[in-house]
Amino acid sequence: MLGLYKSLVKPHIEYCSQAWAPMARHGNWSLILELEGVERSFTRMIDGLGLMTYRERLDKLNLTTLLERRVRGDLIEMFKIQEGFVGYGSDLFGRSGRTVAARSKTHRFTTNETDFFAQRVLRYWNSLPPLVKASESVTGFERGFGFMDIRKISLATTGNCHMTSLIG
C-alpha cells in the first residue's frame, strides 16, 4: 500500500507545490485538511498502523507531512537560486550584509503577498544554520538539511498555532 501511495498518489499531491502552496489563511484550511486527509487515509489503511496517531504512522513509515515537504522543497529551491544553479529568481533575493541571510530585493510585501514564494521562503531560509546554507552542492545542502528537524523550522516560522494540528 505504501508503494502505491508513493508512486501514484504522492506525486500528484506534491506537483508544483512551490507555486501553489496553500497557506493557512484566506479560507485555505479546507484545502489543506483535504490534502492532508488523503495521506491520513492511505497511512491508516496499512496493516498494523490503523490505530496509531497520524504522527506515529508517519514516523513508522519514514514519511513527513505535506507541510514539511513543501517547506523542504521551498528551501531546496531557494538554495538553487542563491547559488546560481538555476537561471531564474536571482532578481528576487540578495544577501543581507556579510551574512548568508537572504533579504527580498523587491518591495515590502503586504499581508496578501506573503504567500508568494519570494516572501514565504525567507522565514525558513533565514532560520537555517549558516553551515547548511554554505553547502557547495544541492546534494550537500539536502544532506545537511536532512539532519535538521523540519518540524521545528516549520512551527517556529509559521507563527500559526493551528499548524500543530496538521503536524502533530
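Which residues are buried in α6? They are F117, A118, R120, V121, L122, Y124 and W125. Buried here means under 20% relative accessible area, exposed means over 50%, and partly exposed is in between, with a 1.4 Å probe and protein chains only. Helix α6 covers residues 117-125, and seven of its nine residues are buried. The helices are DSSP runs of H or I with at least four residues, numbered from the N terminus.

Before going on, some ground rules. This is a predicted model, where local features need pLDDT of at least 70 and side-chain atom pairs count only at pLDDT 80 or more, while totals for chains, interfaces and linings use all residues. Residues are numbered from 1 along each chain as its sequence is written, and side-chain values use heavy atoms, with hydrogens and water left out.

Next, the nonpolar cores. A nonpolar core is a set of buried Ala, Val, Leu, Ile, Met, Phe, Trp, Tyr and Cys residues joined through side-chain atoms within 4.5 Å. The largest one has 18 residues, and those touching the most other members are L75, M78, F93, F117, W125, L128 and F141. Two or more residues each come from α5, α6 and α8 (138-146). Helix α5 gives the largest share, seven residues. Another core of 11 residues lies apart from it, with L35, I46, L61 and L66 among its members.

Now the rings. Rings of Phe, Tyr and Trp (for Trp, the six-membered ring) pair if their centres lie within 6.5 Å; planes under 30 degrees apart are stacked, over 60 edge-to-face, and the rest tilted. The count is four aromatic pairs. One of them is Y5 with F42, a tilted pair at 5.4 Å centre to centre and 40 degrees between the planes. This pair links helix α1 to helix α3 (residues 29-45), with Y5 and F42 37 residues apart. Y5 is buried, at 2% relative accessible area. Elsewhere, F79, F85, W125 and F141 are joined into a cluster by ring pairs.

On to charges. A salt bridge is a side-chain nitrogen of Lys or Arg within 4 Å of a carboxyl oxygen of Asp or Glu. How many salt bridges does the structure hold? There are three. In one, R69 pairs with E39, and their closest N and O atoms are 2.6 Å apart. R69 is in helix α5 and E39 in helix α3, 30 residues apart. Both ends are buried: R69 has a relative accessible area of 13%, and E39 has 0%.

R55, D59 and E68 are linked in a network of salt bridges. R55 meets D59 at 3.4 Å, N to O, and these two lie four residues apart in helix α4, about one turn. R55 also meets E68, at 2.9 Å. E68 is in helix α5 and R55 in helix α4, so this pair ties together parts that are 13 residues apart in sequence. R55 counts as buried at 10% and E68 is buried at 2%, whereas D59 is partly exposed at 44%.

Last, the loops. N62 sits in the loop between α4 (54-61) and α5 (66-82). N62 has a positive phi of about 60 degrees, although it is not a glycine. Most residues other than glycine have a negative phi. N62 is exposed, with a relative accessible area of 70%. G50, in the loop between α3 and α4, is partly exposed at 31%.
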